[in-house]
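Hi everyone, thanks for coming.

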Amino acid sequence: MEETYKDRTSLVKGAKDIAKEVKRQAVKKVNKAVDKAQDGYTQRSYNRFQDEEDDDDYYVQGGDYGVEANDDEGSSEATEGHDEDDEIYEGEYQGIPSMGQGKDGMVALGQPMRDEYKDRHELETERKADEEELAQQYELIIQECGHGRFQWALFFVLGMALMADGVEVFVVGFVLPSAETDMCIPNSGSGWLGSIVYLGMMVGAFFWGGLADKVGRRQSLLICMSVNGFFAFLSSFVQGYGFFLFCRLFSGFGIGGAVPTVFSYFSEVLAREKRGEHLSWLCMFWMIGGIYASAMAWAIIPHYGWSFSMGSAYQFHSWRVFVIVCALPCVSSVVALTFMPESPRFLLEVGKHDEAWMILKQIHDTNMRARGQPEKVFTVNRIKTPKQIDELIEIESDTGTWYRRCFVRIRTELYGIWLTFMRCFNYPVKDNTIKLTAVWFTLSFGYYGLSVWFPDVIKHLQSDEYASRVKHFRNEEVSHFVFNFTLENQIHSNGEYINDRFIMMKFKSVTFEDSLFKNCVFEDITSLNTYFRNCSFVNTTFYNTDLEQYKFVDSEFINCTFFHIRTGCQISFDDDYSAYWIYFVNFLGTLAVLPGNIVSALLMDRIGRLTMLGGSMVLSGISCFFLWFGTSESMMIGMLCLYNGLTISAWNSLDVVTVELYPTDRRATGFGFLNALCKAAAVLGNLIFGSLVGITKAIPILLASTVLVCGGLVGLRLPDTRTQVLM
């Protein structure tokens, strides 16, 4: 028996030495055939060992070595696959087989296939499984981190960015009348200012949303807000209308990325039970931005004494001060964002595990210290990260110069954004994208269309009322009289003015028709909407007036002289309270959304996103029919407040649903695309509804009501995301 044992021990040691020598010679290039032969040899040796008696002191059943063999072989789980010289042995993958050794593309038995041997479909399937596992784990981690000081700090920082977006929407409408007059903008070009901003916001929403899925939420938001702040400040100092349009275009381009990036960023640090409510509270900052813009316009623009000039070439009026003040929320958000970390959910999505873990620990520790529990330990050690799939992008070889490298880099990023956007139309989010497109378009078309229609209708009613109070003077004869007071809302027909003096006076909405001015003097005259139609001027002197040639329609001049005529546009709205009235109406309309914001925040997680979205849009569509009874300014203002209060719940729920329906790798891209579509629908609504002002009420009412009700019904068909984790 003892001799048999010695023979078998020698056999085992000899087999081990032979296997070591073979592996040293192979150096990770041993093919499957060698592995298979070794495995067969090892199995035969193990079968021989298992024939031993059960009471053998040196061998145990199952083929494991005893104590002495353990020292040599290292058979524990921690060291399985390596011997004491860190040599590879049976069962471990040994690299790509060389030519002529076994079958191409085969790997060692018992090991998973490496990524380079898998096709893209298999890799995407594995990544999807990883993402589903990460979604569940991340929800538990966020719940462990709690909701506290960190989320509230980020809430106010992102709120400032959203506030800047609300300001940008209102600022153009408020400065447009003053900017048109200050820059002498012709009527044919005045509509470009409003449209150019929406065009910039449309392109910016798509670009910055896609970039946020490539470089990160914080980084994208920092850049886009910096672009907005820079060009907003610059636009307040430029003098030419073309350069002003250029600055407002890029200002809109920058702020376009605020909405998709802000909601994607904030949703990724909120637990499921907090997400709907706190995203709705975040929407209030857009309302605050509108109130801020209205209040600042009310307080600044009409104060024309806040202006200065440097010769005749540089004019800095109060509306430019208003533009600077409106850029302050943007600057504040940029400064505050520098102290905020990147979204940990995004970092996990791109495989940056350690950075994400550190930020999650920071969130946990910040909240625990605020709760008075600094001793509570962050228990998460390892977080699942999805499998990273490299994108193969062809790059030209001629990239030696810096501008070529920049061009290739920009083209690569744009191509990556486009690929991410196209994935929004892949299964399983394709149906959701189509439905969201319909809801976003209908809500934007109806809301922005009626939003521009309401003020225009109010202005039309004001104009009708103002015209109804016009005073007519016919066949009057005035001689040797000094006019030194204001004439307003008057029509003078077939009059004769002989040896009269018009000195230091103002004409506001005054028309002279078929009248004769003989031996008269016009001195220091300021006029607004004043015209002389088919009039005759004989031996008349004009000194320091703004009565330019276009104000004389079919008139004749006989022996008349003009001195120091003020050309260009003159801002002069003294005793004109229409500006105050416009700002006040917008202030009330924006303030009216406050109850809707509160209700939507409190009920978002109780009654559900879809019920609130569909119900709000249907009720808004029904409320449009009350516009039939809007025959006065006060009634139209009341309808405006009611309409805004009903639609805000739809906007809030739509923002929440959009964030929750898209996975992390295309959340900001999908949101950016839909927000860009929103701006396109807004421009279309402004054009259609604006052209119907003063013509008919039936078409705007029926059109807005139809699109809102249809959009609400489509919204009810979206998946309910109230109980789902963030994908």
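So, how many disulfides does the count come to? It comes to 0 disulfides, where a disulfide is a pair of cysteine sulfur atoms within 2.5 Å. Before going on, a word on what we're looking at: this is a predicted model, where local features need pLDDT of at least 70 and side-chain atom pairs count only at pLDDT 80 or more, while totals for chains, interfaces and linings use all residues. Residues are numbered from 1 along each chain as its sequence is written, and side-chain values use heavy atoms, with hydrogens and water left out.

Cys145 is buried, at 1% relative accessibility, and Cys710 is partly exposed, at 42%. Buried here means under 20% relative accessible area, exposed means over 50%, and partly exposed is in between, using a 1.4 Å probe and protein chains only.

Next, aromatic rings. A pair of aromatic rings is described by the distance of the centres and the angle of the planes. Rings of Phe, Tyr and Trp (for Trp, its six-membered ring) pair if their centres lie within 6.5 Å; planes under 30 degrees apart count as stacked, over 60 as edge-to-face, and the rest as tilted. By that rule we get 60 aromatic pairs. Take Phe421 and Phe425: their ring centres are 5.4 Å apart and the planes sit at 85°, so this pair is edge-to-face. Phe421 is buried at 9%, whereas Phe425 is partly exposed at 29%.

Now compare Phe522 and Phe542. That pair is stacked, with 5.0 Å centre to centre and 10° between the planes. Phe522 is in strand S10 (residues 521–528) and Phe542 is in strand S13 (residues 541–545), so the pair ties together parts that are 20 residues apart in sequence. Phe522 is buried, at 0%, and Phe542 is buried, at 0%. By the way, helices (H or I, at least four residues) and strands (E, at least two) are DSSP runs, numbered from the N terminus.

How do S10 and S13 pair? They run in the parallel sense, over 4 bridges; two strands pair if DSSP finds at least two bridges between them. Glu523 has Tyr543 in S13 as its bridge partner. On we go from S13: 3 bridges join it to strand S16 (residues 561–563), again parallel, and Tyr543 stands opposite Phe563 in S16.

There's also an open sheet of 5 strands, in the order S4-S7-S9-S12-S15, with parallel pairing. Its edge strands, S4 (477–479) and S15 (556–558), each pair on one side only. Inside that order, S9 (residues 516–518) and S12 (residues 536–538) share 3 bridges, and Lys518 has Val538 in S12 as its bridge partner.

Over to the helices. Helix H9 (residues 258–267) is mostly covered, with 10 of its 10 residues buried; among them are Pro260, Phe263 and Tyr265. In helix H20 (residues 633–661) you'll find Ser649, which is buried at 11%. What does Ser649 touch, leaving out residues up to four places away in sequence? Gly596, Ser600, Met612 and Ser616, with contact meaning heavy atoms within 4.5 Å.

One last stop: the charged end of Arg345 sits over the ring of Tyr138, 5.6 Å from its centre. For that, NZ of Lys or CZ of Arg has to be within 6 Å of the ring centre and within 35 degrees of the ring normal. That's my tour, thanks!
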